2 protein chains.
Amino acid sequence: MQALTDYKGEKSCCVHLNKKMEVVCLPALSRVAVCGGTHGNELSGVYLVRERLKKKEEVETISVVTVMSNPRAVQLCRRYSETDLNRCFTAATLSSPISDETPYEIVRAQELNALLGPKGSDEATDLICDLHNTTANMGLCLITYSDCDWICLHICKYLQKEMPSVPVRYIHFDISISEAYSLESVGKHGFAIEIGPQPHGVVRADIFNMMKEGVRLVLAWIHHFNSGIQFEGGVVDVFTMVKNIDYPRDPETRSITAAIHPQLQDRDFCLLHTGDPLFLTFSGETETYKGEEPLYPFFVNECAYYEKGIALSLARRKRVEIPSIQVKRD
Amino acid sequence: MQALTDYKGEKSCCVHLNKKMEVVCLPALSRVAVCGGTHGNELSGVYLVRERLKKKEEVETISVVTVMSNPRAVQLCRRYSETDLNRCFTAATLSSPISDETPYEIVRAQELNALLGPKGSDEATDLICDLHNTTANMGLCLITYSDCDWICLHICKYLQKEMPSVPVRYIHFDISISEAYSLESVGKHGFAIEIGPQPHGVVRADIFNMMKEGVRLVLAWIHHFNSGIQFEGGVVDVFTMVKNIDYPRDPETRSITAAIHPQLQDRDFCLLHTGDPLFLTFSGETETYKGEEPLYPFFVNECAYYEKGIALSLARRKRVEIPSIQVKRD
C-alpha cells in the first residue's frame, strides 16, 4: 500500500509536483448539491433539475440535494428577475443587510447560502455542481476558482476519459473565494458545468443529454471516491482567464457596431494569434486581435454577456500535474 | 415582343397555368419598406436596420423606407414588451379602439399601419420586407400569405439563383388578408425574411451577412423589375403550413417533458414520415410522429414558440408554376 499523506494543496506546489508523488488523502464528499436554473433561461439545467426532483434517484455514500436556484427567473424564462443571481455570492453581498428594496436575487442568494453554506464554513456542502448553458461553442466546461483543487481536477480528468466524444475542459478564474461571485463558491469544492452551444430559452436534446451524462458521471466519481477507490494522478490542461474583450461600440449610443468574425465564431479554445480576425463590422470591415500573447478564446458570442460588455474572454493554458488521491479514512 | 396581358392571379389558376404562358404585367413597386426589430431580440434585423438608417443607401426607381418596428422591445432586447407585435396586424386589431390600458404593441401596430398602410388600401406600401431570425435551422425563408403572388414568388426564385450556397424556401400561410396578423400583410405585397439558426439576443456574422445580401438582392430585383426587365417564368416549391405540434407536457404544471428528438433537431424541411422520431423525453423515451401524411417540418425548436405551444410546424409541399412577368407601362 502506498504511503498516504494529508496533502493541503498550496499554490506554489500546484503546478509542478515532485516526480515521486504520494497519494493525497482528502475527506469524503458526503453532502453534494446539484443546482440548476441559477439562470432561468438556461434550460438544460432547468429541466434536468425538474427531472431529478421528480425521480429522486439515490446515490449510495452521498446525500445529494437538488436545487432550483432561481425559481422566479425560471418562471419568467429570463436570466434573472432583478439582478444576476450568479454575481451575488461574494462575501460582501452575502452579508449585506436586507430591506424591502433589496433585489429578489440578493435575498435568494442569502437563502441559498443558508441552505448550502454558509460559504467558507465547516458546515458548507462538500461539493456544489451548478448547471449552466452558453450560446458559445464551448462543449462541456468545468468552471472553478482554483487550479489546485484536486477533487475538481480529478472529476475533470474522469469526464474527459468517460465522455470521449465531448470536448471537456477546465476553466479557472483566479479570484479569491471571498470575491468569488458564483453559487458554486458556497461549497467546500464546487464548479459550474457550462455546456454549449444552446440558445437561451431553448432545450436541445443533445446538449441536455450531455449535461445529464455529465452529472451522472460526477456523482459516480464521488461515489467511487467515497468508497475508497484510489484515483491515479496525471495531468489536466487548465485554462486560466486572463481578460475580456468587448465589442466595438458606437461612442454615443453604445450600440455594438460589429459581430464576432466568422473565422472566430464557434472556435472557442482555438488559439488566437496577433492579427487574427476578431470582429466583422456591420459595414463589412475586419478588426483583428492586437494582443501580443497568443491566448485561448472562450465564451465567444455568449448571449448574456452583451449587456456585460464581453464579446469573448481570453485564457492562458497551462498543464497541471495532479497527484493520486484517495478518501481519508476516519 | 410577346403579348402582354394584365393578369390577376386567382387561386384556381395559380398552380397549373396554361402551357403557353403569357407575360403578366404588374404595376411598378415604387414604395418599399424594409423593417426590422419587429421582434426586439432578433438581432440580425435590428442591426441591419440600424446600419441602413445610418448609411441611407439610395436605390434608383424605388423609394425605400427603413423602419425599426418595435423600438421598445429592441431597447429591452426582448421579443416584445407587452404583447407580440407581429400578431397585431389583423383587421380587427388594427381597428380596435385605443385606451390607456391598450398594450404598447397594439398602439405601435396602428402607428405602423398609418405609416405603411392602411392595410388593404390603395395608399399602402407596394412591398414590405420584414426581417426575422429563428433558432430553427431554416436557412433563408420568405414567409407569405399567398401562393400566387407572382412578385413574391419571382423574388424567391431570384434569391434561389443568386444565393446558391444558401437554402432559400417559400412558406405560405393560407390565411385571408383580413385575418393575417403580421406586419408584411400591411403592404400590397410582402413577406417576412426569416433566417436561422441564430439564438435570440445574439448576432452571428454569417447570419447577418446572409440577411444583408438577401435584402440587397430583393431591392436589386425590384429595381430591375421597375426598370422594365422581363423575368422568365418557371417553378417554385411552396411549403404551405398545415398544422403545429406542441411539446409533450405535464398535465398539471404544463411544463414540457421532452425535447425535439436529436434525429429531428436541425432537420427543418426534411420530410417527416409516420413513425419517425419526434421527441425525446427528459427521462429518455422516444415519441414518434403519428400522422399518416408525410409532411415537411419547419420552425423546429423555435425559442419564441415554447410559450405559444408549438414545438414544430408541418407543411405540405407543392410545385407552383409562375408566369413570366414585367412591369406594366403607364
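1. The count between chain A and chain B is two salt bridges, a salt bridge being a side-chain nitrogen of Lys or Arg within 4 Å of a carboxyl oxygen of Asp or Glu. In one salt bridge, the side chain of B:Asp266 meets that of A:Arg204, at 2.8 Å from N to O. The model is predicted: local features need pLDDT of at least 70, side-chain atom pairs count only at pLDDT 80 or more, and totals for chains, interfaces and linings use all residues. Side-chain values use heavy atoms, without hydrogens and water; residues are numbered from 1 along each chain as its sequence is written, and chains are lettered from A in the order in which they are written.

2. Polar contacts also link the two chains. Across the interface of chain A and chain B, 10 residue pairs are in polar contact, both residues being at pLDDT 80 or more. A polar contact is a pair of N or O atoms within 3.5 Å; within protein, one must be able to donate a hydrogen and the other to accept it, and residues adjacent in sequence count only if both atoms are side-chain atoms. On the side of chain A that touches chain B, the elements giving two or more residues are helix H1 (43-55), helix H6 (205-226) and S10 of chain A. Helices (H or I, at least four residues) and strands (E, at least two) are DSSP runs, numbered from the N terminus. H1(A) gives the largest share of that side, six residues. By class, the side of chain A that touches chain B has 15 nonpolar, 10 polar and eight charged residues. Here Ala, Val, Leu, Ile, Met, Phe, Trp, Tyr, Cys and Pro count as nonpolar, Asp, Glu, Lys and Arg as charged, and the others, Gly among them, as polar.

3. The extent of the interface can be stated in residues and in area. In chain A, 33 residues are in contact with 33 residues of chain B, contact meaning heavy atoms within 4.5 Å. The two chains bury about 2,600 Å² between them, with 57% of it on carbon and sulfur atoms. Buried area is the accessible area (1.4 Å probe) that two parts lose on being put together, summed over both.

4. Over all chains, the structure holds 32 salt bridges. One of them joins A:Glu51 to A:Lys55, with the closest N and O atoms 3.6 Å apart. Why are A:Glu51 and A:Lys55 separated by about one helical turn? The two residues are four residues apart in helix H1 of chain A, which means a separation of about one helical turn.

5. Strand S14 (residues 312-322) of chain A pairs with strand S9 (residues 234-245) of chain A in the antiparallel sense over 11 bridges; two strands pair if DSSP finds at least two bridges between them. In this pairing, A:Val235 stands opposite A:Glu321 in S14(A). S14(A) also pairs with strand S13 (residues 296-298) of chain A, in the antiparallel sense and over three bridges. There, A:Tyr296 stands opposite A:Ala315 in S14(A).

6. Chain A has an open sheet of three strands in the order S10-S11-S12, with antiparallel pairing. Strand S10 (258-260) and strand S12 (286-288) of chain A are the edge strands, each pairing on one side only. The twist averages 30° from one strand to the next; axes are lines fitted to C-alpha atoms, for helices over the stretch in contact, and angles run from 0 to 180 degrees between N-to-C directions. Strand S11 (residues 277-281) of chain A pairs with S12(A) in the antiparallel sense over three bridges, and A:Leu280 stands opposite A:Thr286 in S12(A).

7. In chain B, an open sheet of three strands likewise has the order S10-S11-S12, with antiparallel pairing. Strand S10 (258-260) and strand S12 (286-288) of chain B stand at the edges with a single partner strand each, so one side of each is left without a neighbour in the sheet. S10(B) and strand S11 (residues 277-281) of chain B run antiparallel and are joined by three bridges. B:Ile260 stands opposite B:Phe279 in S11(B).

8. Some backbone geometry in chain A deserves a check. Most residues other than glycine have a negative phi, and most peptide bonds are trans. The peptide bond from A:Gly117 to A:Pro118 is cis, with omega near -5°, and A:Pro118 is in the loop between helix H4 (104-116) and strand S5 (127-133) of chain A. The bond from A:Gly196 to A:Pro197 is also cis, with omega near 10°; A:Pro197 lies in the loop between strand S8 (189-196) and H6 of chain A. A:Arg254, although not a glycine, has a positive phi of about 70°, and its place is in the loop between S9 and S10 of chain A.
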